[in-house]
Amino acid sequence: MTDLTIQMAQTQTIETTKESKIQELENKIKALETEIEELKYNPLSYDGTVYRDKKDHPYCPTCYDTHGQKVHLHKPISGRNCYYCQACNAKYFEK
Ligand SMILES: [Zn+2]
């Protein structure tokens with residue numbers, strides 16, 4: 001290969017890498033846009049114990065009502081019917 005051919009091949013590789021990186025970032029942006037839309041149109045709903053989103057993830061009602069913060073609740077290993085908030089230490093029992 002001549003120097004020019006090598007140079008052209010290298011440029012092409014760089015271009016391909018750039019293209020795939022752009023594609024990767026565009027996919028990430030699309031995923032984030034979808035997430036934003038979901039957050040806009042799917043506010044949390046109260047089920048009598050905790051707030052839940054459309055995907056049925058539980059959120060702390062105390063943190064949401066007082067600070068407007070969406071704190072995802074965790075289930076402690078010992079109590080199967082209990083949710084635990086890491087932010088305010090509150091416990092919520094399932095109905
Ligand atoms: Zn909380």
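Trainee: Which residues make up the largest nonpolar core?
Mentor: The largest nonpolar core has eight residues in all: Val-50, Tyr-51, Tyr-59, Cys-60, Cys-63, Leu-73, Tyr-83 and Cys-85. A nonpolar core here is a set of buried Ala, Val, Leu, Ile, Met, Phe, Trp, Tyr and Cys residues joined through C-beta atoms within 7 Å. Buried means that 20 or more other C-beta atoms lie within 10 Å of the residue's own, exposed means 12 or fewer, and partly exposed is in between, with C-beta atoms placed from the backbone.

Trainee: Before I go on, what kind of model is this, and how is it numbered?
Mentor: It is a predicted model: local features need pLDDT of at least 70, side-chain atom pairs count only at pLDDT 80 or more, and totals for chains, interfaces and linings use all residues. Residues are numbered from 1 along each chain as its sequence is written.

Trainee: Back to the core, then. Why does Leu-73 count as buried?
Mentor: Because Leu-73 has 23 C-beta neighbours inside 10 Å. Leu-73 lies in the loop between helix 2 (61-67) and strand 4. Helices (H or I, at least four residues) and strands (E, at least two) are DSSP runs, numbered from the N terminus.

Trainee: And what does Leu-73 touch, leaving out residues up to four places away?
Mentor: Val-50, Pro-58, Tyr-59, Cys-60, Tyr-83, Tyr-84, Cys-85 and Tyr-92. Contact means that the two C-beta atoms, placed from the backbone, lie within 7 Å.

Trainee: How many helices and strands does the chain have?
Mentor: The chain has two helices and five strands, and from the N terminus on they run α-β-β-β-α-β-β.

Trainee: How are the strands paired in the open sheet?
Mentor: The open sheet has three strands in the order 1-2-3, with antiparallel pairing. Strand 1 (45-46) and strand 3 (58-59) are its edge strands, each pairing on one side only. Two strands are said to pair if DSSP finds at least two bridges between them. Strand 1 and strand 2 (residues 51-52) are joined by two bridges, and Ser-45 has Arg-52 in strand 2 as its bridge partner.

Trainee: Tyr-46 is in strand 1. Buried or exposed?
Mentor: Tyr-46 is exposed, because 12 other C-beta atoms lie within 10 Å. Apart from neighbours within four places in sequence, Tyr-46 is in contact with Tyr-51 and Pro-61.

Trainee: Changing topic: what is the domain assignment of the chain?
Mentor: The chain has domain 1 (1-41) and domain 2 (45-93), with bounds from an automatic or database domain assignment. The C-alpha centres of domain 1 and domain 2 lie 39 Å apart.

Trainee: What is the radius of gyration of the chain?
Mentor: The chain has 24 Å, whereas a compact globule of 95 residues would be near 12 Å. The radius is taken over C-alpha atoms, and the globule rule is 2.2 Å times the number of residues to the power 0.38. The C-alpha atoms fill a box of roughly 75 × 30 × 20 Å along the principal axes.

Trainee: What share of the residues is buried?
Mentor: Buried residues make up 11% of the 95 in the chain.

Trainee: Where is Lys-40, and is it buried or exposed?
Mentor: Lys-40 is in helix 1 (residues 3-41). Lys-40 counts as exposed because it has 8 C-beta neighbours inside 10 Å. The C-alpha atoms of Lys-40 and His-67 are 18 Å apart, and the two residues are 27 apart in sequence.

Trainee: Last topic, the backbone. What is phi of Asp-56?
Mentor: Phi of Asp-56 is near 70°, a positive value in a residue other than glycine. Most residues other than glycine have a negative phi. Asp-56 is in the loop between strand 2 and strand 3 and is exposed, with 7 other C-beta atoms within 10 Å.

Trainee: And what is phi of Asn-89?
Mentor: Phi of Asn-89 is near 65°, also positive. Asn-89 sits in the loop between strand 4 (82-84) and strand 5 (91-93), and Asn-89 is exposed, with 9 other C-beta atoms within 10 Å.
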